[in-house]
Amino acid sequence: MSDHDDVWVVVPVYNEDKVIAEVVENTRKTFPNIVCVDDGSADRSAEEIARTGAHLVRHPVNLGQGAALQTGLSYALGRPGAKYFITFDADGQHRVEDALAMIAEVKSGSCDVALGSRFLNKAVTVPWIKRVVLRTVVALSPKARKLQLTDAHNGLRVFSRPVVERLRISMNGMAHASEIVSFLSVANVRVKEVPVTILYTEYSMSKGQSLVNGVNILFDLSVKQRGN
């Protein structure tokens with residue numbers, strides 16, 4: 001029996017066999033309910049997940065992180081007793097203690113959604129190129145500015161169940177983060193940023209976003225918005 005039996009952690013996974021087992025096993029010490037969505041990995045990610053005790057859902061082909069998150073959230077919504085949902089990256093960048101602080105905010109009723117921000121800590125360790133990308137995304141996003149966000153592309157998030165029941169992620173690539181912010185800006189829900197620390201390891205940095213990808217995210221979202 002855990003204090004967090006009503007919490008589900010959703011982890012999108014794509015070719016993370018080097019680290020995924022360690023990430024899941026460490027997270028399960030605090031949050032027993034984890035669903036990993038193997039998004040068409042070509043490596044041994046699925047086999048590594050299977051030995052951790054986490055729930056495993058597989059996409060037969062790679063559909064993108066947005067699709068993996070939607071699959072995981074839909075799966076978790078169907079689990080008995082699920083009330084809170086954490087999105088958690090697979091590459092070891094996130095800290096369980098930060099997720100705990102965010103869950104505490106949502107469970108206390110101070111907000112419906114807690115978003116991690118790497119720019120609220122006094123000791124910001126974000127590499128300068130990523131800082132440029134992330135600041136640019138926020139500056140060019142009216143939705144992020146409306147919510148007064150400092151970090152619109154942090155993968156560590158906590159949602160209450162009513163929010164997840166309304167959330168529909170349709171952007172399959174990395175633009176899903178901007179799509180989530182856009183949804184929150186019009187959903188009439190209480191959003192709060194919580195300081196988090198990102199662990200920039202050599203491994204995680206090798207899988208990070210470039211400045212070009214940041215521009216592509218804005219382009220993808222602008223195309224979607226024009227299509228609505």
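Here is a short chat about a few spots in this predicted model.

Student: Before we start, what should I keep in mind about the model?
Tutor: It is predicted, so local features need pLDDT of at least 70 and side-chain atom pairs count only at pLDDT 80 or more, while totals for chains, interfaces and linings use all residues. Residues are numbered from 1 along each chain as its sequence is written, and side-chain values use heavy atoms, with hydrogens and water left out.

Student: Okay, where does H59 sit?
Tutor: H59 is in strand β3, residues 55–59; strands are DSSP runs of E with at least two residues, helices runs of H or I with at least four, both numbered from the N terminus.

Student: Is H59 buried or exposed?
Tutor: Buried, because its relative accessibility is 9%; buried means under 20% relative accessible area, exposed over 50%, and partly exposed in between, using a 1.4 Å probe and protein chains only.

Student: And which side chain does the H59 side chain make a polar contact with?
Tutor: That of T71, at 2.7 Å. A polar contact is a pair of N or O atoms within 3.5 Å; within protein, one must be able to donate a hydrogen and the other to accept it, and residues adjacent in sequence count only if both atoms are side-chain atoms.

Student: Switching to helix α1: which of its residues are buried?
Tutor: In α1, residues 20–28, they are I20, A21, V23, V24 and T27. They lie on the same side of α1 because they cover an arc of only 165° around the axis, taken from the directions from the helix axis to the C-beta atoms.

Student: Last one: where is W128?
Tutor: W128 is in helix α5, residues 128–140, and is exposed, with a relative accessible area of 62%.
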